[in-house]
Each structure stands twice: as C-alpha cells, then as structure tokens.
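User: I would like to learn how to read the links between side chains in a protein model. Could you take me through them step by step?

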Amino acid sequence: MIQADGPAARQFGWLAAPAVLTELTTESVLCLPIGSHEQHGPHLPLNTDTVIAERFTAMLVQRYGEQHDLWALPAIPYGLSLEHAWAPGTVSLRIASFMSLLDAVVAEYLRATPARRILIINGHGGNRGILEPALYELKRKHAFSVCVIHPASLSAVRSDSETAPEIHAGIRETAIMLELAPDNVHLDRLPADFSVCGAEAKRLVLDRGTTWPWTSGDSTIATCGVIGGDPREATADAGRAILDGALDAAGHVLTHLTNHRQ
C-alpha cells in the first residue's frame, strides 16, 4: 500500500501561517484533489473517487514534490453525481454550486499564498465535462497556470481482464482501491449471481456523437450500479500497475505546467 513520507510531507494544511511565505513561492504547484460521494456498487465505499484523488495526490507529491515544488491541498469531497442519484448515499452538487465552490477555493488559495500554479487531480468521471470549460473561466479570471489530470485515464496500463468498458466500479476502479484502501473493498457483498451487463453502455455513455442523461440505475447499462467488468477479477497488483502508469505519465504533465508562463 502506497503512503507518503509522513503526515506533514508537503501537506499545505500542516504548515504554520508564517511558513506559507517562506516555503511557497510563485513557482510552487498547489495540488487540489477533487472526488465525489456516490454509489460504487455494493463492494466499494461512497468516497471511492475522493480516496483515489487524495491518495494519488500524495503519490505525486512523494515522487515529484521536490522536483516541482508540489504541495498537497485538502480534497474537495463532492462532485457532480446525478447519474448515481437513484442510490442511497449519493451526494451531488449542482453545476452552479460546483463552479461557485471551485472558483471560491481557487481564488482563496491564490490570495492566501504566493503560488500561481494549481494542478487539479480529478477522481470522478462525472466532473470531467464541467472541468474543461471551468479551466478557461478560472484562468481568464485569476491569471494563473492550471490543468487537470484524471489518474485512471492518464494511465495507459490495461489489465488482461478488462474486456468490458470500464466506466464505473468495475475491474479497473476496484483494482485501484484494492491497492489504495483494501480494507474498504468488500467483494463478498456482490451477489453470487452477479454478471456483467452494460450492453447499452457504449451507446448511451461512451458514444462521442451523442450525449444522454444516463443513469447507473439503468439495468441495460449497469449491474448493481457497476458499469464495467466483474470486480471480483480485480487485483491489487493490477491497481498498482495502473497507478504507476499514471504516475509516470504525470511527470510530463508537471514539466509542462511548471515550464509554462502566463
């Protein structure tokens, strides 16, 4: 299980106030994890996306922190999750509230620190659509360098067991959680007769030519809220390989971000 070098290793929240001006500069990169609280089938916790964003941020800081002066910020644990609103426990922001929150958080960090670079680490696919136009607005309004990475998509690593589209809570996401938080993965809670559905997933979710207000409660798309391969085929080794692949790819992203000038 991957861990950072101690609780205070480049964690912004552990700084004392005077240290903000001595430890951070205009060249520092503030790493902001954004996740969600939503159903992830019967086997994964509601905060799966937040865990992935938060832990991957810690991994980034551990590997690249000194090289690129990275600082981990506290995670925003909510996102846009109405596609999962049918399920108990799903908590979703609305577009306006998400944008307002993101703008407020970014503005406050730019006010409170010398840093002028922010890397958003997004753990939830449902946030992706809004984050792209959000970057244009935020950059225009606040004049800083910013980009978003999506760890699971950033990795080019694919396991042999990934035969169905890996959209939500399937093999890929389960494998990552088996590596990051194995005690919170409960594969035994999947029904014994669980079988992959998803016949309509490619058309309703992945088709780039059409956009639908799909839901993971649709039995033609998902089984028990899972859209992907059988989670029971996931392994921690596969999860580690996916995360390592994303970490390797993130190096090029950070180089571009830190070399970029307004």
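Analyst: Let us begin with the salt bridge, which is a side-chain nitrogen of Lys or Arg within 4 Å of a carboxyl oxygen of Asp or Glu. Please keep in mind that this is a predicted model.

User: How many salt bridges does the structure hold, and which residues are linked in a network?

Analyst: The structure holds nine salt bridges, and a network of them links R10, E66 and D69. Within it, D69 and R10 meet at 2.9 Å, taken from N to O. This pair joins distant parts of the chain, since D69 lies in the loop between α2 and β2 while R10 lies in the segment before α1, 59 residues apart. Both D69 and R10 are buried.

User: Where in the chain are R63 and D248, and how many residues apart are they?

Analyst: The side chains of R63 and D248 form a salt bridge of 2.6 Å, N to O. R63 sits in helix α2 and D248 in helix α8, 185 residues apart. R63 counts as partly exposed because its relative accessible area is 38%, and D248 is partly exposed too, with 46%.

User: How many disulfides does the structure hold?

Analyst: In general, a disulfide is a covalent bond between the sulfur atoms of two cysteines. This structure holds zero disulfides. For C147, the nearest cysteine sulfur is that of C31, 9.4 Å away, whereas a disulfide needs the two sulfur atoms within 2.5 Å.

User: Is C147 buried or exposed?

Analyst: C147 counts as buried, because its relative accessibility is 17% and the cut-off for buried is under 20%. C224, at 37%, counts as partly exposed.

Conventions:
Residues numbered from 1 in each chain as written. Predicted model: local features only at pLDDT ≥ 70, side-chain atom pairs only at ≥ 80, totals over all residues. Heavy atoms only, no water. Buried < 20%, exposed > 50% of the residue type's maximum accessible area, 1.4 Å probe, protein only. Helix = DSSP H or I, 4+ residues; strand = E, 2+ residues; numbered from the N terminus.
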